[in-house]
Amino acid sequence: MTKPSGRRRILHLAASFVFSALALVVLMGGGGYWLLSHPQSPVPDHWNPLRDLTITARVTPVTPVQMRRALADETQCRAALAGAGVSFSLVEDLIVDEKCGIAGRGVLSGLTTASVNGVETRCATALLLAMWEHHVVQPAAREILGSRVRSLRHLGSYNCRRMRTAQGKDSGWSSHATADAIDIVGVELADGRSLSLLSDWTTLGPEADFLHRIGRGACEWFRVVLGPNYNRLHADHFHLQGPGWGYCR
């Protein structure tokens with residue numbers, strides 16, 4: 001049986017969430033809130049909308065609820081990263097002007113399994129990257145390549161600049177100006193292989209299959225994902241952006 005596409009999976013999760021929400025309303029009417037809020041609640045944390053997000057927990061229809069809270073609250077965001085062993089060292093927020101700066105600033109140097117060269121970004125971006133790495137990148141690497149990803153290679157996150165277009169014109173302010181995005185160029189595998197979008201995206205074989213899989217999978221966590229299929233400016237990297245209008249290509 002083939003696995004559902006990212007779009008079908010999202011629709012499935014949405015339908016399951018609606019069902020779970022209705023069930024929760026019924027439970028609350030009958031003392032369900034007490035059951036969920038009790039410190040020794042029998043409901044697993046990853047099914048309990050009142051519990052905080054655990055990055056390494058199984059994804060359920062409740063996960064988006066927990067994610068929204070963690071992305072909106074710096075304390076919860078940092079706690080989720082720390083709980084999963086993500087290396088995110090806090091530094092003072094960067095305030096440049098109304099267009100540029102990093103709120104929730106830190107230096108990210110390690111995810112749940114893979115390392116990254118130290119990069120300044122915001123907690124929300126680190127959290128989304130950690131969810132993608134744990135739930136998409138590592139499973140795809142094991143299944144398709146028979147190895148784990150040792151490190152993710154990137155082009156950075158924060159850059160106080162406007163968006164660039166394929167026509168060479170500047171547009172509105174880039175999401176990089178607030179570290180709401182990060183650019184990933186490739187991976188290093190535990191077995192010694194090195195993969196890059198520039199070299200492997202258009203080839204035939206498991207390496208290209210892996211890159212295409214994780215590109216599609218990024219759309220389940222980031223609102224905007226741009227890659228080699230978008231335009232020539234993204235031929236060598238995935239642009240992974242937290243906030244946005246919702247676009248995956």
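# Reading disulfides, aromatic pairs and a kink

Tutor: Let us start with C248, which is partly exposed, its relative accessible area being 45%. Residues are numbered from 1 along each chain as its sequence is written, and side-chain values use heavy atoms, with hydrogens and water left out. This is a predicted model, in which local features need pLDDT of at least 70 and side-chain atom pairs count only at pLDDT 80 or more, whereas totals for chains, interfaces and linings use all residues.

Student: To which residue does a disulfide join C248?

Tutor: A disulfide is a pair of cysteine sulfur atoms within 2.5 Å. Here the partner of C248 is C219, with 1.7 Å from S to S. The torsion about the S-S bond of C219 and C248 is about 55°, so this disulfide is right-handed. Because C219 lies in the loop between helix 7 and strand 11 while C248 lies in strand 13, the pair ties together parts that are 29 residues apart in sequence. Helices (H or I, at least four residues) and strands (E, at least two) are DSSP runs, numbered from the N terminus.

Student: How many disulfides does the structure hold?

Tutor: There are three disulfides in the structure. One of them is formed by C77 and C123, whose sulfur atoms are 2.1 Å apart. The link of C77 and C123 has -110° about the S-S bond and is left-handed. This pair links distant parts of the chain, with C77 in helix 4 (residues 74–83) and C123 in helix 5, 46 residues apart. C77 and C123 are both buried.

Student: What is the handedness of the link of C100 and C160?

Tutor: C100 and C160 form a disulfide whose sulfur atoms are 1.9 Å apart, and with 80° about the S-S bond their link is right-handed. C100 lies in the loop between strand 2 (94–95) and strand 3 (101–102), and C160 in the loop between strand 6 (149–156) and strand 7 (162–164), so the pair ties together parts that are 60 residues apart in sequence. C100 counts as buried, at 3% relative accessibility, whereas C160, with a relative accessible area of 33%, is partly exposed.

Student: Which pattern do the disulfides of the protein chain follow?

Tutor: When the bonded cysteines are counted along the chain, the disulfides follow the pattern 1-3, 2-4, 5-6.

Student: Where is the kink in helix 5 centred?

Tutor: The bend at a residue is the angle between two fitted axes, one for the seven residues ending there and one for the seven starting there. In helix 5 (residues 123–145) a kink of about 40° is centred on E133. This helix is mostly covered, with 18 of its 23 residues buried, and it is followed by G146, whose phi is positive, near 70°.

Student: How many aromatic pairs does a search of the whole structure find?

Tutor: Rings of Phe, Tyr and Trp (its six-membered ring) pair if their centres lie within 6.5 Å, and planes under 30 degrees apart count as stacked, over 60 as edge-to-face and the rest as tilted. Searching the whole structure gives two aromatic pairs. W201 and F238 form an edge-to-face pair, with 5.7 Å centre to centre and 80° between the planes. Since W201 lies in the loop between helix 6 (197–200) and helix 7 (206–218), and F238 in strand 12 (residues 238–241), the pair ties together parts that are 37 residues apart in sequence. W201 and F238 are buried.

Student: Why is the pair of Y230 and Y247 edge-to-face?

Tutor: The ring centres of Y230 and Y247 are 5.8 Å apart and their planes stand at 70°, so this pair is edge-to-face. The pair links distant parts of the chain, with Y230 in the loop between strand 11 (224–226) and strand 12, and Y247 in strand 13 (residues 247–248), 17 residues apart. Y230 counts as partly exposed, at 34% relative accessibility, and Y247 is partly exposed with a relative accessible area of 30%.

Key:
Buried < 20%, exposed > 50% of the residue type's maximum accessible area, 1.4 Å probe, protein only.
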